[in-house]
Amino acid sequence: MTMRFLITGGTGTTGRRVATALADQGMSVRTGSRTPAPGAHQVRFDWADPTTHAPALTDTDGVYLVPPIGDAEPARLMVPFLERALGAGVRRFVLLSSSAIAEGGPGAGEVHRALRQLAPEWAVLRPSWFMQNFVTPGHLHVESIRAAQEIVTATGQGRVAFVDADDIAAVAVRALTDERPHNAAHLITGPEALSYADVAESVSKVTGREIRHRPVPVADFRERLIATGMPEAFARVLAAMDDGIAHGSEDRVDPAVERITGRAARGFADFATEHAAEWAPAR
């Protein structure tokens, strides 16, 4: 049976991957975007504009939920949308959250709780930090690697099981399409926990450049984020997550990718080899 999906954040890191994979399986897919491309299977969707919600939900069986970027309190927008979607007959929802956010916690944690309480079929993805953060143009890490040959964090020697967005998307697709709803939260990690110094070493090996990790105090890192134009409230959240990493919050590995998709999660060394050219100095 062909299922019909709305992918919020449909042009983002995981959203576009989920949309492509669903379309490849013959599913009906609409991607939500504030500026949809003409002629594409996109619809105008803005979390902050409720008039865009009902048209986007027309003839929809399932929704991939990506919180609005930079919003420290997404529940105020997302929970009313969830209620509208349920009223429109949508049954299945998959939420992109974070390994750092528990059910009922700040940010997407409140949406996680509402989803479990209200939705008949649901899953919450709690991925670790994306490998793509090191290659996405404009991201603090990739820009500092290119310009200054360094990665700046407040994580100290803390370790993270970085995960490839392709693996996150593969789990999302299964959660959206499996006949039996998952009705569970999935911690999604890569196969090994690495410090940012380990990451810097991997990048150094594939580029031939000497990349280093420069640890800074939490307050300095917060100000560094704010200087990029990030809202202060969201910068505080991200800086606090770095502090959590420094104290061991992300030093864990979970086999969810292989358990759900049937294939092993990608390691960072393989990712670094593929993306070596993207760390060339900016011209």
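Mentor: Buried means under 20% relative accessible area, exposed over 50%, and partly exposed in between, with a 1.4 Å probe and protein chains only. The model is predicted, so local features need pLDDT of at least 70 and side-chain atom pairs pLDDT 80 or more, while totals for chains, interfaces and linings use all residues. Residues are numbered from 1 along each chain as its sequence is written, and side-chain values use heavy atoms, without hydrogens or water.

Trainee: Aromatics, then. How many aromatic pairs are there in the whole structure?

Mentor: The search finds 9. Rings of Phe, Tyr and Trp (its six-membered ring) pair if their centres lie within 6.5 Å; planes under 30 degrees apart are stacked, over 60 edge-to-face, the rest tilted. F45 and W47 make an edge-to-face pair, at 5.0 Å between centres and 85° between planes. Both F45 and W47 are buried.

Trainee: And why is the pair of F162 and Y196 edge-to-face?

Mentor: Their planes stand at 85°, with centres 5.3 Å apart, so the pair is edge-to-face. F162 sits in the loop between β8 (159-160) and α6 (165-177), and Y196 in helix α7 (residues 196-207), so the pair ties together parts that are 34 residues apart in sequence. Helices (H or I, at least four residues) and strands (E, at least two) are DSSP runs, numbered from the N terminus.

Trainee: Are F162 and Y196 buried or exposed?

Mentor: F162 is buried, and Y196 is too. They also belong to one aromatic cluster with F134, F268 and F271.

Trainee: Switching to the sheet. What is the strand order?

Mentor: β3-β2-β1-β4-β5-β6-β9, an open sheet of 7 strands with parallel pairing. Strands pair if DSSP finds at least two bridges between them. β3 (42-44) and β9 stand at the edges with a single partner strand each, so one side of each has no neighbour in the sheet. From one strand to the next, the twist averages 20°.

Trainee: Which strands does helix α1 touch?

Mentor: Helix α1 (residues 15-24) packs on the sheet against β1 (4-7), β2 (28-33) and β4, and its direction makes about 165° with that of β1. Axes are lines fitted to C-alpha atoms, for helices over the stretch in contact, and angles run from 0 to 180 degrees between N-to-C directions. Contact means heavy atoms within 4.5 Å. Helix α3 lies across β1, β4 and β5, at about 160° to β5.

Trainee: How many residues of β5 are buried?

Mentor: 5 of the 5, so β5 is largely enclosed by the rest of the structure. R92, V94 and L96 point one way, F93 and L95 the other.

Trainee: What joins β5 to β6?

Mentor: 5 bridges, with the strands parallel. V94 has A123 as its bridge partner in β6. The chain goes from β5 through α4 to β6 in a right-handed β-α-β crossover. Right-handed means that, with the strands pointing away from the viewer, the path from first strand over helix to second runs clockwise.

Trainee: Which residues of α4 are buried?

Mentor: In helix α4 (residues 108-118), A108, G109, V111, H112, A114 and L115 are. The buried residues of α4 pack against β4 (62-65), α3 (75-87), β5 (92-96), β6 (121-127) and β9 (184-188).
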